[in-house]
Amino acid sequence: MAQADMTPPEGAAADWTVPQDWSAYTPGEHAMWDRLFERQAAMLPGRVVPEFLEGLDILRMTRPGIPDFAELSERLMKRTGWQVVAVPGLVPDRVFFEHLANRRFVAGRFIRRPEQIDYLQEPDVFHDVFGHVPLLTHPAFADYMQAYGEGGLRADGLGSIDHLARLYWYTVEFGLMRHGDDLRLYGAGIVSSFGESVFALEDASPNRIGFDLKRLMRTQYRIDDYQQSYFVIDSFEDLLRKTSDVDFGPIYRELETESDVAPDAVLAQDRVYHRGSQDHVRAKMPC
């Protein structure tokens, strides 16, 4: 999302979709996918929620090469009614929400270059497909994503997209889940990042705080570095229940009168799993 111009680029349909053109990928591009996949697949077991690994198996994403969106969509449709559609890059918020509301996940079709292996600003096919799509095989998470799209369309009409975007950021992109006495990863921005997969769970720097809808929607976030706080859900079913059974209108009105919360803040009412040292951010501050 996060694209302002509503006019589709040349070659895109009215809904901003484009053909994936899977046959046009080069051997080098498939090799980059395999390199990224192998690195993440080796370190995620024991760190990521089991539902993510199950999704990889269901979608047969362990096969070499960039996945064919048509094949992914065929398997997803049988499982949860979702499809994966290609887009040329970031799309307008409303287009993004409309696709989610209709159980279509938009994915970039390009893949990063070797010099971008550890970081790139715009999400590529590895982030979008490896990071997001496996969990769309899980019924509760699939329903949550559709409900988020429907909520986004309502928020657009109320001028509250910025607050709702924080919900997506701290759950779909950078969420953690309680797993017995431990925490596990599920956010796509973490599971597709080699460095943040370790940082989010094992580093002393970030806060790890229990999920609270309104508190989360007040909280600012980092787009240029690892997160200073992560929010922890109990389960996908609980996340769906706490967001789909809520009237967001009154929350939006309350948020208009309340101040934002800094990314590193810990509030008195927070359920704190770990109070971070914030050393990662401090180490980057000028002396």
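Start with the buried residues of helix H6: Ala-140, Phe-141, Ala-142, Tyr-144, Met-145, Tyr-148, Gly-149, Gly-151, Gly-152 and Ala-155. Buried here means under 20% relative accessible area, exposed means over 50%, and partly exposed is in between (1.4 Å probe, protein chains only). Helices (H or I, at least four residues) and strands (E, at least two) are DSSP runs, numbered from the N terminus.

Before going further, note that this is a predicted model: local features need pLDDT of at least 70 and side-chain atom pairs count only at pLDDT 80 or more, while totals for chains, interfaces and linings use all residues. Residues are numbered from 1 along each chain as its sequence is written, and side-chain values use heavy atoms, with hydrogens and water left out.

Back to H6, which runs over residues 139–158. Its 20 residues reach 29 Å from first C-alpha to last, close to the 28 Å expected at 1.5 Å a residue (the expected span is 1.5 Å times one less than the number of residues). Among the elements that cover its buried residues are helix H4 (93–101), strand S2 (104–108) and helix H7 (161–173). Just after the helix, Gly-159 takes a positive phi of about 70°.

Now for the largest nonpolar core, which has 83 residues; Trp-33, Leu-167 and Met-217 touch the most other members. Such a core is a set of buried Ala, Val, Leu, Ile, Met, Phe, Trp, Tyr and Cys residues joined through side-chain atoms within 4.5 Å. Leaving aside neighbours within four places in sequence, Trp-33 has contacts that include Met-61, Ile-111 and Phe-130, where contact means heavy atoms within 4.5 Å.

Charges next. The structure holds 20 salt bridges, each a side-chain nitrogen of Lys or Arg within 4 Å of a carboxyl oxygen of Asp or Glu. In one of them, Arg-94 meets Glu-98 at 3.6 Å, N to O. These two are four residues apart in helix H4, so about one helical turn separates them. Arg-94 is partly exposed at 32%, and Glu-98 is partly exposed at 35%.

Compare Asp-124 and Arg-112, whose closest N and O atoms are 2.8 Å apart in a salt bridge. Both lie in the loop between S2 and helix H5 (125–132), so the pair ties together parts 12 residues apart in sequence. Asp-124 is buried at 0% relative accessibility, and Arg-112 is buried at 6%.

Asp-234 and Arg-178 also form a salt bridge (3.1 Å, N to O). This one links distant parts of the chain, 56 residues apart.
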